[in-house]
Amino acid sequence: DGDGECRLWLGPSHLGTDNDPEFGIFAGVDFAPDEIIPDIEVAIPLVDWTEQFNRDTALKNMIVEFVESQVWTGDFAGAKWEGDQNTIVAIPGIGNLANYHSGYHNVDWLQSAALLRKPLDLFESGVAHPARGAITPYHNLTMKATEHIPAGMELFANFGETWDNNQTMEDSFQDKLTRWDYQHADQILDAIIAFMDQYDKDLTPDLQENILDFMLEKILGTAVGKRAKVIRSLIPDNPKKLKAVKEAGGTFLYRNNDLVKSQKWLKKHAMCMDNLKVGPSTIPEAGRGAFTTRKIAKGDVVVPSPMVHIANEELFNMYEIIEKEDAKTGDVTLDIDKSNFLQQQLLINYCFGHRESNILLLPIGSYVSMINHAPAGKANAYITWSRHKHVTNDHGLHDLSIEQLAERNKVGIVMVVQALRDIEVGEEIFIDYGKEWEAAWKEHMAQWNKDYEQDKTWQLTADDMKMQYKEKPFEADLTDGINPYPPSVATTCFLRTEDLPDGRPRRNPDGLEIFLYAEDLSHDEITGADMYVCDVISRTDKLTDGDLYNYTVLAKISDDDIVQVENVPHGSITFVDQPYQGDIHNTGGFRHYISLRDGDFPQAWRNIRE
Ligand SMILES: C[S@@+](CC[C@H](N)C(=O)[O-])C[C@H]1O[C@@H](n2cnc3c(N)ncnc32)[C@H](O)[C@@H]1O
């Protein structure tokens, strides 16, 4: 019947309350440290997001801030050069639904999976294809367990130090203890257990108790560190309990053991989010698609999907960005030229909407954004409001106006994809995107076939270059500064550096500082923040262990800081599309939202009814 037990559940988070629910993801099975969480998502860019509109009304500002609270910076997907300014990415599924807890996290991005991803094998290199620019190229966004996660535990993601520092202690999400307190307490706990184990035979229970007391009271209790008292409170003073704490998964889980839910609780309060996986669609023009991992009976839920409400579709319009000089001060700021419309953001293709409204709903259930269209009669599922008792809406939302909805800065809309007939394991799921979408796609195909009838060549992309240079050495001959690659792409390097050994010159003949590639940086540790545009200037001519070649590069750290880095391995160099050169910037790319069924679309949201 498919993949066995459900591995991920969507349910009411611990961070919500009965009156004010939040949703979160729960583990349905145990995950070992470093195990991949089986919700591997796409990232959909919002290009030059901050520059593309004026926050000229309070309402717009609210909508924008809400959207910003639901996305990641482009770095996480390797999308930071998509535009010239600030590109953010929506990452549905786990990227959106895993919550933040100040005391603890148990999942984190495996950024290298996305940053060093293999190209999608959907398009022939250099050839026009109607899905080019219609779907996101950023895929393989992967999270892994950072520690053992027991079945029934909620997933909490590492949102990074910046986010941690921005949280105030009054925030209702806050534990009074920070995750560093728990980490320190765990380290101390481990040290005490190791000591007790080592002298186990020589210690009577009394002596054990005295030693523990001495350690906690006299050493830790009088330690001057600000948090010593707090940490002390996390470690039991009874030697017999030390191991129980460790077995519970450490001081955090021991103290918060009500966080681990039973299978019975999950089945009652949560919905399985793990019935789908992603693969190439059976429709060749559609890109990727969503396929079942289990049998689904007619009328059952395929996957639940909370929806992020984006209360003004106009925010997805993109215009030419221009520089504006203040006549008095001479200061230059950026503005948009509204007379020069470029196209809509790609994210619209992943949103639900309705012809009589300018609200958009972005689905964030696992792989819901991978579900393709089939006309009525061929579709095997449909999307509608959730009727689940716990994973559901405040149905009062249907009566709110769009302005009132815009004031809600929490995800409160929950829909479900439901089976129209019995569905076998491995079938592709299709929903009917509606008449408007179908007409728009037909028109797109007709125009596309006309445009590319004579000449089907398509400019080479970063993905094409990645395929070409997977095993072939990067060009190292930059004589006369000639770029050996197509002008639409650039080489980038993942870099963390260390100083050169003593005795070696610290500057090159052009006066640029020289560093060494940090030897211990393994591919798994690479992050988007380590990614710099770089030019390869020379390479070793032999294979070096494990990696193909080593290179010397010039890396652009900032506009006026270029450094030379030596010993950069082949696998740490990749390609990106130059700003505005990727497929999604082709103005002939398809753009249309998916329609909700007429009967499902609340009357109160129809603000542009004719
Ligand atoms: C919500 S996304 C679905 C996931 C998408 N296939 C991908 O690979 O990212 C919607 C987009 O998928 C493509 N699509 C979906 N159904 C299609 C169909 N029946 N024929 C052609 N393209 C389709 C269109 O580009 C559409 O804008």
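**Briefing: strands, sheets and a helix pair**

In strand E2, Leu10 has Ile25 as its bridge partner. The model is a predicted one, in which local features need pLDDT of at least 70 and side-chain atom pairs count only at pLDDT 80 or more, while totals for chains, interfaces and linings use all residues. Residue numbers start from 1 along each chain, as its sequence is written. The protein chain holds 13 helices and 28 strands; helices (H or I, at least four residues) and strands (E, at least two) are DSSP runs, numbered from the N terminus.

**Overall dimensions**

- Along the principal axes, the C-alpha atoms of the protein chain fill a box of roughly 90 × 70 × 60 Å.

**The three-strand sheet**

- Strands in the order E2-E1-E9 make an open sheet of three with antiparallel pairing; two strands pair if DSSP finds at least two bridges between them.
- Strand E2 (23-27) and strand E9 (271-272) are at the edges with a single partner strand each, so one side of each has no neighbour in the sheet.
- Five bridges link strand E1 (residues 8-12) to E2 in the antiparallel sense.

**The seven-strand sheet**

- Another open sheet has seven strands in the order E22-E23-E26-E25-E24-E21-E27, and its pairing is mixed.
- Its edge strands are E22 (497-498) and E27 (573-577), each of which pairs on one side only.
- E22 and E23 are antiparallel and share two bridges, and Glu498 has Leu516 in E23 as its bridge partner.
- Strand E23 (residues 514-517) pairs with strand E26 (residues 561-569) in the parallel sense over three bridges.
- Leu516 also has a bridge partner in E26, namely Glu566, while Ile514 stands opposite Gln564 in E26.

- Strand E13 (residues 317-325) and strand E14 (residues 332-344) run antiparallel and are joined by nine bridges.
- Glu320 has Asp337 of E14 opposite.
- Six residues lie between the two strands of this hairpin, and Gly330 in the turn has a positive phi of about 80°.

**Helices H5 and H8**

- The axes of helix H5 (residues 179-198) and helix H8 (residues 239-247) come within 10 Å and cross at roughly 125°.
- This angle makes H5 oblique to H8, since angles under 35 degrees count as roughly parallel, over 145 as roughly antiparallel, 65 to 115 as roughly perpendicular and the rest as oblique.
- Axes are lines fitted to C-alpha atoms, for helices over the stretch in contact, with angles from 0 to 180 degrees between N-to-C directions.
- On the H5 side, Leu189, Ile192, Ile193 and Met196 meet Pro239, Leu242, Lys243, Val245 and Lys246 in H8; contact requires C-beta atoms, placed from the backbone, to lie within 7 Å.
- The contact of H5 with H8 has seven nonpolar, no polar and two charged residues, where Ala, Val, Leu, Ile, Met, Phe, Trp, Tyr, Cys and Pro count as nonpolar, Asp, Glu, Lys and Arg as charged, and the others, Gly among them, as polar.

Key. Contact = placed C-beta atoms within 7 Å.
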